[in-house]
Amino acid sequence: MANNNRNQEDKGASIKLGPKILDLLRKIGEIELENVEINAEEIEIWIPSLSPAILQQVPPSPEIVRGKPTEILKAEFKPPIQTYSGKILEVKLGATKSEGGSRGKTLTIGGERSPAFYLFEETQLNPPIVSVDVFDTEVSLPKSIRTHVQEVLGDPAAWAKLAVDKFNADAVTVHLVSTDPLIKNASARDAARTIEQVLQAVDVPIIVGGCGDPKKDVEVFQKVSEVAAKERVMLSSLTPDMAEAGILGDVCKAAKDNGHVVLAFTALDLNRAKELNRRLYEFLPKESIVMDLTTAALGYGLEYSFSIHERARLAALAGDNELQHPTLSGTTNAWAAREAWMKMGAEWEPRELRGPIWETVTALVLLLAGVDIFMMMHPAAIRTVKDVIKNISGLSHTRREDTDWISIRM
Amino acid sequence: MTERTVKKSIKELSPLDVYKLLPRITPPCAECGEKNCMAFAVKAVTREVALEKCAPLLTEKYKAEYAQLRDLLAPPVKEITVGIGDRSVKIGGKAVQYRHEFTYHNPAPIAIDIADEMSDTQILERVKAIEGFRYNYIGRILKLDMIAVRSSSNDPSRFGAVVQKVAESTTLPLILCSFNPEVIEAGLKTVYTNRPLIYAATENNWSKMAELALKYDCPLVVHVSEDLRMLKSLVKTLVEYGVEDLVLDPGTFVGKGLASTINNFTMIRRSACGGDKLLGFPILGASIAAWKERTEPKELLMWEEACLASILLSRYADVLVMHSLEGWVILPNTIWRFNLYTDPSKPVSVEAGLKIFGAPNEDSPVMITTNYALTFFTVESDIRSANIDCFLIVVDTGGLSVESSVAGRYLTAEIITEVLRKSGIEEKVKHRYLIIPGLAARLSGEIEQLSGWQVLVGPRDSSGIPTFLKDRWPPKKE
Ligand code: SF4
């Protein structure tokens, strides 16, 4: 800003004439607006005494006389706290013995009264959690994940145990891929047995994942609901297709009668999410609904997921009571991005890090958008996300040293 | 420049507010390239056109209106230019806090550090690597933007020499980093005409840094760790001093400190969007902080930096200083930055229908995909860059990707059969071979039964299309 000298010169003109001229010009502006007949030439007649030379010296806005401060001028700062009329519902996953289930402990998600990690407004009531993906049958997995689960592939109970013991999973999601009519078409009874086995192998809350075929999923969820009665599992997921097929009520009834939670899935569309929730309210208590608004992979639409989660959360806090549910992210979708698994040039290696960082970044971005529960796969990604959640869920008041990165010697 | 009445935010501003202040010459002079002033006003409000396109507005007569309009349309976060000419970067200029409200402007430039204690060869190699970073992401080239030269030596002559060396070997805009004004001046002397960003004024050195910023006419970062009141006070002081192009750095902390970093960035941005002019400047994030006094293995620090960078980009950093240059660290962050700064109103889906690439004939391949925008753009970019002549049928799956639409039954054998009939492809080719995405492999049997077309299961990722076609097209007769 080499405008010191200029300021000095301007001062005379602006102090004497500045505000007045500006007022005058503004007034002319208004007159012109009200009376369109007055054209450009006519306006000049209004201010004949002002020579262009003087006009030139009028700064864009009246400048305050500046002397260079010799000490720091104090300014006030108030944290920009807002009040919100809405609040996110709390949803409890799992049930302990005293509650009729067999989980070692339960997990509660939701309950937010301000946007994610706005700790200057509210403390984080229930930190987000991570549920680790387990498949009931051999599925094609990227190599960097496969190496970590090689020994338990095809054995969901062992896999769940590994997820809890080694990966520190808060919960486990059992994907009943084998029930897919286009894959193995395993029966609902078989699927229920798998869930029973997993419930015995681990004592964390369980999420039950379907195959995506609405009719089959409803059948499977009904059966699983019965055998897992009172365990308060989450059924993943209930979709608008089930509503269209007229079978949503059946699965909701099974969930309600046996005390389970449901995941309402919609594809990046808040209106549909609200619509589905309205349908669910006909059958279920609001405290048993979690929303999956769709997680697209980093590079393949993550920004849509990010914005839809931010919008949903802000609308919920502003009072939209059809969106006041905790949200879930199927973060494992990150592996759909080619950059997560593909062999690329040497400059992008190692793939063993590129893959899990893809999953991690996808999760972190959505964590900041307000997601409450993440379905994840890679142990390094799971660990990082859990660490970050721990670090950003509370303000630490220990005085930190200044962040001087200028002098770092690498 | 103190607090003042909160002006209308960009969301509330109507084209009429702008129109009122335009010259409104009759008949419209259309020098702006628009039909009339109203059309211009509509675009000016959404910042699609710059005010300066209206030539009459720039004349003496409309000086006051021009000033008012500039103020009216000024974003709550000031836009700062670093560098000159073609290779300059703009920092800040955000109109809103949340991405969905309005397109974020000026993708946060990523600066990679160079320490003045590195050897000459190291420095040149690093410059080369920074300039050489390139990634083709759905047809867009992603790059790195700046170099942050930092004085770990705290020796003015060493710093001056290194800055000169860097400036001679690159045209990328620079950030000169030191808390020592003498060191900064040694660097500025050689490159000030390139308008580098000065890092940083602090509670201790502010008047000397202010003098340098004024003397050399360069923008200045204000750094106060975790004390927004002091940060704001320093801004007030510097503005009063005459330094108006400022960037804010409330400090980037890792580990337990990350919570307050996120909160400080958020408070600054929300205050700015709420009309606090003293906090209405771009924010600097420093993921390089992940490297501070750490003894962990390098890969772990790179990993932490990759995570930290993505957090800072998501929570309002307008410029980012990084150390890692590894592809796997930079790639997710340059892609995320690109995504974050796209137009939030851009639809998730593209138009369905038959798309033609190159000059296909009756023997050319027929492929099928979904109308999810990112799926389509990826496939499109892969086909284009390999110069393939082919037909691509884009199915309306409600904007779902292949995997999700197969799972959710939005892409089924029935739907594909119907699309094949209706798309007119049966008149365009004489063969009956359909290439489906690898992720839809399980539909192949049913498709063959229902449609009568032979199915070739293509690659799981469209990057494999060129190789696939080389091996499998034309199909061998059975
Ligand atoms: S150039 Fe200016 S005055 Fe002329 S039509 Fe465009 S906006 Fe109106």
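Buried means under 20% relative accessible area, exposed over 50%, and partly exposed in between (1.4 Å probe, protein chains only). This is a predicted model, in which local features need pLDDT of at least 70, side-chain atom pairs count only at pLDDT 80 or more, and totals for chains, interfaces and linings use all residues. Residues are numbered from 1 along each chain as its sequence is written, chains are lettered from A and ligands numbered from 1 in the order in which they are written, and side-chain values use heavy atoms, with hydrogens and water left out.

**View 1. A:Arg279 and A:Glu282 form a salt bridge.** A salt bridge is a side-chain nitrogen of Lys or Arg within 4 Å of a carboxyl oxygen of Asp or Glu. Here the N to O distance is 3.7 Å. A:Arg279 is partly exposed at 33% relative accessibility, while A:Glu282 is exposed at 55%.

**View 2. A:Lys92 pairs with A:Glu99 in a salt bridge.** The closest N and O atoms are 2.5 Å apart. A:Lys92 is partly exposed, at 27% relative accessibility, and A:Glu99 is partly exposed, at 35%.

**View 3. B:Asp145 and B:Arg337 meet in a salt bridge of 2.7 Å, N to O.** B:Asp145 lies in the loop between strand E5 (140–142) and strand E6 (146–150) of chain B and B:Arg337 in helix H11 (residues 327–340) of chain B, so the pair ties together parts that are 192 residues apart in sequence. Helices (H or I, at least four residues) and strands (E, at least two) are DSSP runs, numbered from the N terminus. B:Asp145 is buried at 18%, and B:Arg337 is buried at 7%.
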